[in-house]
Amino acid sequence: MTRRCLVILLAVTAVPLQAADVAPVPIAPGVDTAEQRQALRTFTACLANARPRWARQTLAQPYLSQSQASAAAEALSGQDNCIAGERAEVTFRTSSLVGSLAEHFVRSDIEKADPARLKDSLSTIEPLNVTEDFALCVAARNPPAARNLAVSELGSEAEMAAAHQLSGPVKECTNPGEKLTVDVQALRALVSTALYRGMTKVLAARN
């Protein structure tokens, strides 16, 4: 039996922090197992190849907005045979689905984008909401670490190492007096989406 869940998950939550607390931003493990995340990656790669227009239209919506959640829900409505076998299980959140779609295109096209222009694009592109503003800020401060996170193997030491390299930018991109709870899975979705936006702008400018 196929179980399919779609819920909205905010990637970062902020609560007041005492000014004296200067502890680094902790990076928690992902909320899903590496196997579950890999199943979603396989599923979204199939969808992106079968329905690239839908995938890019979903990514064009403001991150984690209602319009993006509605578009993401159409992942389950196609006739693309992307869930193999009657006992396949795909469990995902809007953030995970969108991040995985973005990651698919990043992995395919990031080498085509000039690194200097990508960094400039990440710094100047207009965010569609405050969450994107945060994501673009983090990615722009360390594009190599953002890229390493987006292309790393799920659940690997390389993934966590890249996430820890971004803990500094995470701190820099928040308001003073905020304490963040960030997990590697949510951070990966954020920076993959930011890289996709920046990369798309760079590649469009070449044409």
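Biologist: By class, how many nonpolar, polar and charged residues does the lining of the second largest pocket have?
Modeller: Keep in mind that this is a predicted model. The lining of that pocket is made up of I110, E111, A113, P115, L118, K119, P143, P144 and R147, and α5 (115-124) and α7 (143-151) are the elements that give two or more residues to it. Sorted by class, the lining of the second largest pocket comes to six nonpolar, no polar and three charged residues.

Biologist: What volume does the second largest pocket have?
Modeller: Its lining includes P143, P144 and R147. The volume of the second largest pocket comes out at about 150 Å³.

Biologist: Which element gives the most to the lining of the largest cavity?
Modeller: Let's go through the lining: R37, L40, R41, S95, S96, G99, S100, E103, L154, Q185, R188 and A189. Two or more of these residues come from each of α1 (34-50), α4 (94-109) and α10 (184-206). By class, the lining of the largest cavity has three nonpolar, five polar and four charged residues. With five residues, the element that gives the most is α4.

Biologist: Which element gives the most to the lining of the second largest cavity?
Modeller: Here the lining is E132, A135, L136, L190, T193, A194 and R197, and the elements with two or more residues in it are α6 (130-141) and α10. These lining residues divide into four nonpolar, one polar and two charged. Giving four residues, the top contributor to the second largest cavity is α10.

Biologist: Back to α1 and α4: at what angle do they pack?
Modeller: α1 passes α4 in a right-handed crossing. On the α1 side, the contact is made by L40, R41, T44, A45, A48 and N49, and on the α4 side by S96, L97, S100, L101, E103, H104, F105 and R107. That contact has six nonpolar, five polar and three charged residues. The axes are 9 Å apart, and the packing angle is about 65°.

Biologist: Is H104 buried or exposed?
Modeller: H104 sits in helix α4. Setting aside neighbours within four places in sequence, H104 is in contact with A45, A48 and N49. Its relative accessible area is 16%, and the cut-off for buried is under 20%, so H104 counts as buried.

Biologist: Last one: of the contacts with a separation of 6 or more, what percentage comes from residues 24 or more positions apart?
Modeller: A contact here means heavy atoms within 4.5 Å. Taking the contacts in the protein with a separation of 6 or more, the part from residues 24 or more positions apart is 84%.

Definitions and conventions: Residues are numbered from 1 along each chain as its sequence is written. This is a predicted model: local features need pLDDT of at least 70, side-chain atom pairs count only at pLDDT 80 or more; totals for chains, interfaces and linings use all residues. Side-chain values use heavy atoms; hydrogens and water are left out. On a 1 Å grid over the protein atoms alone, a cavity is a set of points where a 1.4 Å probe fits but cannot get out, and a pocket is an open set with protein on both sides within 12 Å along at least five of seven lines; lining residues have an atom within 4 Å of a point. Grid points are joined across faces, edges and corners, and a volume is the space filled by probe spheres set on the points. Ala, Val, Leu, Ile, Met, Phe, Trp, Tyr, Cys and Pro count as nonpolar, Asp, Glu, Lys and Arg as charged, and the others, Gly among them, as polar. Buried means under 20% relative accessible area, exposed over 50%, partly exposed in between (1.4 Å probe, protein chains only). Axes are lines fitted to C-alpha atoms, for helices over the stretch in contact, and angles run from 0 to 180 degrees between N-to-C directions. A crossing is left-handed if the near helix is turned anticlockwise from the far one by less than a right angle, and right-handed if clockwise.
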